[in-house]
Amino acid sequence: MADNNEPSGAERMFGRFAPALVRFTDDVLFGQVWKRPELSPKERSLVTVASLTTSGNTDQLVYHLSLAKSNGATEEEIIEAITHLAFYAGWPKAMAAMTVAKQVFRDGTD
């Protein structure tokens with residue numbers, strides 16, 4: 001559940017359409033998993049960005065790139081992580097992820 005009684009991203013996306021998925025996302029993923037102390041929020045964000053990049057899930061990257069910045073990752077660190085992944089995840093996946101990063105960080109401009 002989002003703070004300040006605002007609907008969470010999952011709730012805005014799926015509301016009553018998929019209430020169980022909303023609850024699992026809010027209560028388990030962000031309510032329990034993301035709060036575990038073994039990794040910092042920044043580390044979790046970088047791992048998540050890497051996972052989404054390597055699996056080609058660019059739709060979810062839009063949210064998680066912004067979250068990574070909020071969690072303390074710099075644009076330079078995120079860009080470097082995606083660049084590094086080109087050699088492990090494949091060039092097309094890294095290029096697709098970098099395209100999303102450019103849109104998120106620079107609004108599509110150079």
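**Figure 1. Gly72, which follows helix α4, has a positive phi, near 105°.** Helices (H or I, at least four residues) and strands (E, at least two) are DSSP runs, numbered from the N terminus. Gly72 lies in the loop between α4 and α5. With a relative accessible area of 42%, Gly72 is partly exposed. In this legend and those below, buried means under 20% relative accessible area, exposed means over 50%, and partly exposed lies in between (1.4 Å probe, protein chains only). Not counting residues up to four places away in sequence, Gly72 touches Lys42 and Glu77. Contact means heavy atoms within 4.5 Å. Gly72 and Ala94 are 22 residues apart in sequence, and their C-alpha atoms are 22 Å apart in space.

The model shown is predicted: local features need pLDDT of at least 70, side-chain atom pairs count only at pLDDT 80 or more, and totals for chains, interfaces and linings use all residues. Residues are numbered from 1 along each chain as its sequence is written, and side-chain values use heavy atoms, with hydrogens and water left out.

**Figure 2. Helix α4 comprises residues 58–70 and carries a kink.** The helix has 13 residues and reaches 19 Å from its first C-alpha to its last, which is close to the 18 Å expected at 1.5 Å a residue. The expected span of a helix is 1.5 Å times one less than its number of residues. The kink in α4 is about 25° and is centred on His64. The bend at a residue is the angle between axes fitted to the seven residues ending there and the seven starting there.

**Figure 3. Helix α4 has buried residues that pack against other helices.** Leu61, His64, Leu65, Leu67 and Ala68 are buried in α4. An α-helix has 3.6 residues a turn, so residues three or four places apart point the same way. The partners of the buried residues of α4 are α2 (19–33), α3 (41–55), α5 (75–89) and α6 (91–106).

**Figure 4. His64 is a buried residue of helix α4.** His64 counts as buried because its relative accessibility is 8%. Leaving out residues up to four places away in sequence, His64 touches Phe30, Trp34, Thr48, Val49 and Leu52. His64 and Phe87 are 23 residues apart in sequence, and the distance between them in space is 21 Å, C-alpha to C-alpha.

Figure 5. From the N terminus on, its elements run α-α-α-α-α-α. The C-alpha trace spans about 40 × 30 × 25 Å along its principal axes. Of the 110 residues of the chain, 26% count as buried. Among contacts between residues at least 6 apart in sequence, 51% join residues at least 24 apart.
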